[in-house]
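My entries follow in the order in which I checked things.

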Amino acid sequence: MKEYDVIIIGGGPAGISAAIYTGRAMLSTLLIEKAAVGGLIASSDIIENYPGFPEPIQPTELMANMEKQAKRFNVQFEFDTVNTIEPVEDGYVLKTDWDEFHARGIILATGSSPKKSGVPGEEKFLGRGITFCATCDGPFYKDKDVIIVGAGDSGVQEGLFLLNFVKSVTFLVYKPVIKASKALLQKVQGKENVRFILNSDLIEVVGNERLEGAKIRNKETGEESVVPGQGIFLYIGFKPNTGFLKGFVDLDEKGYIITDKRMATSRPKVYAAGDVTKNTYAQVAVSVGSGVTAAMSLIHDLEK
Amino acid sequence: MAFIEGDTQKVLKERFDQEMDKRVKILFFSDELNCQYCPQIKSLLEEVKGYTDKLDVEEHNFFTQKALVEQYKLDGSPALVFLDSEGKDTGIRIYGIPAGHEFASFIEAICLVSSGKTKTLPDKVREEIEKIDSPLEIKVFVTTTCPYCAGAVITAHEMAFVNPHITGKMIESMEFPEWAGKHNVYTVPKIIVNDKIEFEGAVPVKEYAKKVIEAHHAGEKKLIILP
């Protein structure tokens with residue numbers, strides 16, 4: 001079994017930031033990522049609020065630099081899925097699809113995934129008109145009408161990107177107000193091919209062979225109507241990636257990991273950071289901060 | 001307008017200096033009549049050539065060079081074919097312009113063929129992929145704005161490089177709408193192995209390899225034991 005001082009699960013901003021710190025503290029560090037380094041932010045178009053970068057930067061570039069920095073401190077990267085974590089006398093044993101590892105301490109930075117809507121018609125059109133990644137799939141909707149469900153920062157940011165290709169964007173918002181920041185809203189409001197439908201729920205995805213639109217219901221009047229569109233982009237929130245952690249650390253009712261200010265979980269020498277933790281803001285800068293806090297706390301524990 | 005600007009120029013020069021060893025030849029199959037991006041691909045290749053003296057580029061016409069098209073089993077253009085220093089086909093193909101995020105997979109392909117070193121395949125996976133003993137084709141449909149697609153392309157190219165039976169194709173969906181339509185590509189990356197097994201999104205390399213191996217075995221006759 002391969003042995004490490006620290007194993008970090010998740011290769012987004014929180015996990016890599018933690019790895020930079022534990023690696024630099026000369027602790028042997030393995031970062032296990034299930035898909036691709038970068039985390040959820042990698043699918044975003046640009047970042048313009050990460051301090052130190054006066055011009056907008058591409059998330060993939062920022063994350064590739066973080067990865068490079070971690071590798072400079074000898075952090076090892078493994079692409080695999082962690083299935084179980086067992087406490088043993090001197091740490092933890094992690095079993096993955098392909099391997100087994102031992103760690104003295106762990107940092108959980110598994111992040112969150114976009115939520116599905118659960119409405120009728122969704123499963124039929126997932127990946128066939130319904131998507132979560134505007135940067136990936138935007139070009140398929142050239143000159144088409146698209147619907148973005150959700151008008152938080154991520155929805156509006158990706159809407160801005162889609163406007164490079166599409167004929168029109170309709171934002172469907174379940175609240176009577178728009179949640180996105182003013183800085184972002186300013187860029188889309190007033191455009192002829194952008195409209196907001198507020199206070200309405202998505203109740204069905206309609207279409208036969210191809211997706212044809214979204215059936216919605218006004219929350220006040222109860223009136224139902226169909227918004228025509230050939231693509232639906234879902235930005236209705238996130239769910240934490242903690243399925244395999246149930247029973248291992250304390251989670252809140254939504255599945256987020258409960259931590260204290262040091263990012264400690266309910267298990268000794270197990271810390272958590274980033275979007276997977278309770279009461280956080282899904283921002284790169286916040287994840288970097290909590291990743292570093294988790295790393296510093298664990299470094300302190302392991303040096304005792 | 002130059003494709004490679006600012007910091008990328010320095011990074012590219014450094015990478016080629018550090019990683020390139022043997023010569024690489026790219027065959028560019030163009031189509032002067034119906035190809036929107038061929039002039040840009042030609043300029044891009046010329047520019048990249050300026051950063052190393054180990055890269056050769058040869059342009060061929062897809063419609064008139066029938067013998068070559070047949071030799072490399074090309075089914076469309078624009079297409080790039082990567083040959084190693086001995087002129088051997090590496091199985092690496094790029095259909096469409098390797099711009100945007102795909103510039104990364106294009107540069108990786110050059111470094112891979114030149115250095116002979118894979119980066120994404122763990123040893124265990126490489127060993128399993130090397131065992132594949134009949135022709136296998138991996139199509140990776142991408143868009144140039146997709147941040148997760150280059151990773152899927154690099155893995156397909158590395159699998160092709162380590163096993164002469166495998167062809168790894170990057171396909172830019174917007175330039176090949178008929179292929180994308182035929183394979184119901186609405187989300188990328190979409191990976192299709194031997195037209196039998198398909199999967200979407202960023203998947204771990206080991207999961208990717210499992211699907212490739214599964215597709216390889218899918219054609220074999222299995223002994224069915226009835227209860």
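I began in chain B, where Lys190(B) stands opposite Glu200(B) in S8(B). The two belong to strands joined by four bridges, S7 (residues 190–193) of chain B and S8(B), which run antiparallel. I took strands as DSSP runs of E of at least two residues, and helices as runs of H or I of at least four, numbered from the N terminus. Two strands pair if DSSP finds at least two bridges between them.

Before going on I noted the conventions. The model is predicted, with local features needing pLDDT of at least 70, side-chain atom pairs counting only at pLDDT 80 or more, and totals for chains, interfaces and linings using all residues. Residues are numbered from 1 along each chain as its sequence is written, while chains are lettered from A and ligands numbered from 1 in the order in which they are written.

Next I looked up the sheet of chain B. Eight strands form an open, mixed sheet in the order S2-S1-S3-S4-S6-S5-S7-S8. S2 (55–61) and S8 (197–200) of chain B are at the edges with a single partner strand each, so one side of each has no neighbour in the sheet. From one strand to the next the twist averages 20 degrees. Angles run from 0 to 180 degrees between N-to-C directions, and axes are lines fitted to C-alpha atoms, for helices over the stretch in contact.

Two helices lie across strands of chain B. Helix H8 (residues 205–218) of chain B lies across S5, S7 and S8 of chain B, at about 160 degrees to S8(B). Contact here means C-beta atoms, placed from the backbone, within 7 Å.

I then checked where the chains meet. On chain B 19 residues are in contact with 21 residues of chain A. The chain B side divides into 10 nonpolar, six polar and three charged residues. Nonpolar covers Ala, Val, Leu, Ile, Met, Phe, Trp, Tyr, Cys and Pro; charged covers Asp, Glu, Lys and Arg; the others, Gly among them, are polar.

S4 (residues 82–88) of chain A and S5 (residues 91–96) of chain A pair antiparallel over six bridges, and a hairpin of two residues joins S4(A) to S5(A). S5(A) is joined to S6 (residues 100–108) of chain A by four bridges, also running antiparallel, with a hairpin through three residues. Which residue stands opposite Thr84(A) in S5(A)? It is Lys95(A), and Lys95(A) also stands opposite Glu100(A) in S6(A).

My last entry is on the parallel sheet of chain A, five strands in the order S8-S15-S9-S10-S11, which is open. S10 (residues 168–172) of chain A and S11 (residues 194–197) of chain A pair over four bridges. Phe171(A) stands opposite Phe196(A) in S11(A), and Leu172(A) opposite Ile197(A).
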